[in-house]
Amino acid sequence: MSLSKEAIQHIQNTAIEPEDRVIYEDGRSFIVDNEGYGQEITRQKVSKIVLNTLTSMVDFIKNIDFVDEQKLYLNIDGPREVYLLSSLQSDNTRDTLARVEAILPNIQFDRFKLAEDLVIELQAKFLPTDDRELILQVLGNLKEENVKNLGDDGVSQSVTIKKGVTSLMDVKVPNPVQLAPFRTFHEVQQPTSPFVFRMKEGGQGALFEADGQGWKLAAIQNIKEFFEKELAGMENIIILA
């Protein structure tokens, strides 16, 4: 049985003494010294590269220097992480060649916060939508001591907001609302999904996700479409989503 290139390199790196010998058992290779102690010769795996944008992953794939590679697998592991995997190697494992993780703002859902803080978050961490503008209008003109329930269904609410300089008016709090937070890579479209918008006394508001995490499937599909476009014609790339 001939040694693989990795085994030969490993033997050279470990400075095998003349009295040492290499034996094979069940498809595995061992260095055994003259006292009978053995050390398995294992394949040296590739060190992965850590990236932060989908564009950098595309550039890496187009300029990859991985030796004797047949196929590469892009594993879209959710809306924020993508892994580039090698083909199955001699030890029945795959190397992780690169990993890309999205840089995203921290958005806290399901927690009440002051109207001013929620206004800042909506403007800084959400894309413009009609419902976002409506919520900003309510929060920006809120007369905080007037938050009251309408009915007993736990959904409908109304608040008193300022109208002009001196007058006030009651408005119904929009609910549910369609919003598009920054939750996936910036190179792809941010999924729009429904949220339950609730308010309580003291001028506090909160957003609760209301799509059963369905936005993640939409984000994964958007990432897949991005790679299909950018890597068109590269038949050795398998996209897993």
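Me: Which residues do ring pairs link into a cluster?

Reply: Phe-109, Phe-126 and Phe-195. Keep in mind that this is a predicted model. Searching the whole structure turns up four aromatic pairs.

Me: Why is the pair of Phe-109 and Phe-126 called edge-to-face?

Reply: Their centres are 6.3 Å apart, and the cut-off for a pair is within 6.5 Å. Phe-109 sits in the loop between β7 (96-101) and β8 (113-114), while Phe-126 is in strand β9 (residues 126-127), 17 residues apart.

Me: And what makes the pair of Phe-109 and Phe-195 tilted?

Reply: Here it's 5.1 Å centre to centre, with 40° between the planes.

Me: What does the pair of Phe-109 and Phe-195 tie together?

Reply: Parts that are 86 residues apart in sequence, because Phe-109 lies in the loop between β7 and β8 and Phe-195 in strand β14 (residues 193-200).

Me: Are Phe-109 and Phe-195 buried or exposed?

Reply: Both are buried, as is Phe-126. That label calls for under 20% relative accessible area.

Me: How do you know that Arg-183 lies over the face of Trp-215?

Reply: Arg-183 is 4.2 Å from the ring centre, and the distance cut-off is within 6 Å, with a limit on the angle too. Arg-94 likewise lies over the face of Tyr-73, 4.9 Å from the ring centre.

Note on methods:
Residues are numbered from 1 along each chain as its sequence is written. This is a predicted model: local features need pLDDT of at least 70, side-chain atom pairs count only at pLDDT 80 or more; totals for chains, interfaces and linings use all residues. Side-chain values use heavy atoms; hydrogens and water are left out. Rings of Phe, Tyr and Trp (its six-membered ring) pair if their centres lie within 6.5 Å; planes under 30 degrees apart count as stacked, over 60 as edge-to-face and the rest as tilted. Helices (H or I, at least four residues) and strands (E, at least two) are DSSP runs, numbered from the N terminus. Buried means under 20% relative accessible area, exposed over 50%, partly exposed in between (1.4 Å probe, protein chains only). A charge sits over a ring if NZ of Lys or CZ of Arg is within 6 Å of the ring centre and within 35 degrees of the ring normal.
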